[in-house]
Amino acid sequence: MIWNRQPSDDDARPRPGNDEAGRARLQPDTAAILDAITRAVPDPFIMLDDNGVILSHNKQAAELTGQNMIGQHLSQHIRAPAVLEAIERVVDSGAPDQVHYERRTGGGRLFEVFITPVSTVDVARMPAVTVLLRDLSTQQQLEKMRADFVANASHELRTPLASMTGFIETLQGSARNDARARDKFLGRMLEQAHRMRRLIDDLLSLSRIEMNLHRTPSDQVDLSEVARYSAELLAARAAEADCEIRVDAPPGMVVAGERDELIQITQNLIENAIKYGATQRGVDVSVSHDVKRGRIELVVTDYGVGIDAEHLPRLTERFYRVSVQESRSGGGTGLGLAIVKHIALRHRGNLDITSRKGEGSIFKLSLPVSSDLAKAAE
């Protein structure tokens, strides 16, 4: 038995009859049983004889390699010495084994490979080994995201804490009896405390949304009313920035949703537009019904400096900022658009962002219309 042989060009060339040749090794009833077993396994699954020839595999395994593999040697499709050597050990020892396999083609995927011997039974050409590949790519990505999230959250909290510690030490030392310095530093400490509170509030909000991500809201909410209400809440903030919020939102734009979360989305988008737009040109907020697509669209437009195209795909990532200093000085936590994206996902909607340097940015939230409104439009 040669497990680690290098497949020749002749091996790789499709050969007619491989499928039939592989199945000819099995009795008809045995082949049907193996096919039924492999189809029932949700992960890529392969059965081999004691020479490494593939006797059966499921659709997931075929999708992994892009072809039918029955009757071919496993080394033609998995050229990983660690996997092939582990299979040989299992055949020789009769003990199961487990290894990792990184498939570099198709964008790269990491698998945990479980190799299990098949007990000998009195049936001709039963498989000697089963190979199960469990995809760890998503798990690996989630672990990386979790680690990045913890690191970023820790960094965001550490900065204001370090500032507050410095102010306290100064007040305890050189500024102990300086009333002017005391008032100045206490004011800055209050700013940093507010910053930490905003960050914690946003973290808790994001956590709550993620916990309920699989639960689609069912309340009937007029998105136009939400837009007008959010604009009223931010009217004082806009006036301070000398910015006019213009709202074009006809009544009856009803979606299935949770009102508080839709207000949170709208406020975040309008507040960002006030913060980063050219305030003297104002902010436009519109709500409309795209009858053809069956969607209600909330569009928030600012006329500021715009955002470089390279940043657009990452704007909804947690803690991603185009300008860290500008965001922090404006009281931003780096989580606003991440919250918007997750609320949109929970409402089966999507957020599209377009922007041009020097022309401003457009944030478009698209949500499914309520069933009642959809029927009325028919």
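**View 1. Helix α7 passes helix α12 in a left-handed crossing.** In this predicted model, helix α7, which spans residues 179-211, packs against helix α12, residues 336-346, at an angle of about 20°, and their axes lie 10 Å apart. Because angles under 35 degrees count as roughly parallel, α7 is described as roughly parallel to α12. On the α7 side the contact is made by Asp202, Ser205, Leu206, Ile209 and Glu210, and on the α12 side by Ala338, Ile339, His342, Ile343 and Arg346. Sorted by class, the residues of this contact comprise five nonpolar, two polar and three charged.

**View 2. Helices α8 and α10 meet in a right-handed crossing.** Helix α8, made of residues 223-233, packs against α10 at an angle of about 50°, with 9 Å between their axes, and the two helices are therefore oblique to each other. From α8 the residues Leu223, Glu225, Val226, Ala227, Tyr229, Ser230, Ala231 and Leu233 take part, and they meet Arg259, Leu262, Ile263, Thr266, Gln267 and Ile270 of α10. The contact of α8 with α10 holds nine nonpolar, three polar and two charged residues.

**View 3. Five strands form an open sheet with mixed pairing.** The order of the strands is β7-β9-β10-β12-β11. At the edges stand β7 (245-248) and β11 (350-356), and since each has a single partner strand, one side of each is left without a neighbour in the sheet. From one strand to the next the twist averages 15°. Helix α10, residues 259-276, lies across β7, β9 (283-290), β10 (295-302) and β12, and this helix runs at about 25° to β10.

**View 4. Strands β11 and β12 form a hairpin with three residues between them.** Strands of a sheet pair through backbone hydrogen bonds, either parallel or antiparallel. Here β11 and β12, the latter covering residues 360-368, pair in the antiparallel sense over seven bridges. Within this pairing, Arg356 has Gly360 of β12 as its bridge partner, while Thr354 is partnered by Ile362 of β12. In the turn of the hairpin, Gly358 has a positive phi of about 80°.

**View 5. The side chains of β11 alternate between two faces.**

**View 6. Phe319 and Arg348 have positive phi values although neither is a glycine.** Phe319 is found in the loop between β10 and α11, a helix of residues 324-329, and its phi is near 70°. With a relative accessibility of 9%, Phe319 counts as buried, because the cut-off for a buried residue is under 20%. Arg348 is placed in the loop between α12 and β11, and its phi is about 60°.

**View 7. The protein chain as a whole has 13 helices and 12 strands.** Of the 378 residues in the protein chain, 42% are buried. When contacts between residues at least 6 apart in sequence are considered, 63% of them join residues at least 24 apart.

Conventions:
Residues numbered from 1 in each chain as written. Heavy atoms only, no water. Pairing = 2+ DSSP bridges. Helix = DSSP H or I, 4+ residues; strand = E, 2+ residues; numbered from the N terminus. Axes fitted to C-alpha atoms, helices over the stretch in contact; angles between N-to-C directions. Contact = heavy atoms within 4.5 Å. Parallel < 35°, antiparallel > 145°, perpendicular 65-115°, else oblique. Left-handed = near helix turned anticlockwise from the far one by under 90°. Nonpolar A, V, L, I, M, F, W, Y, C, P; charged D, E, K, R; others polar. Buried < 20%, exposed > 50% of the residue type's maximum accessible area, 1.4 Å probe, protein only.
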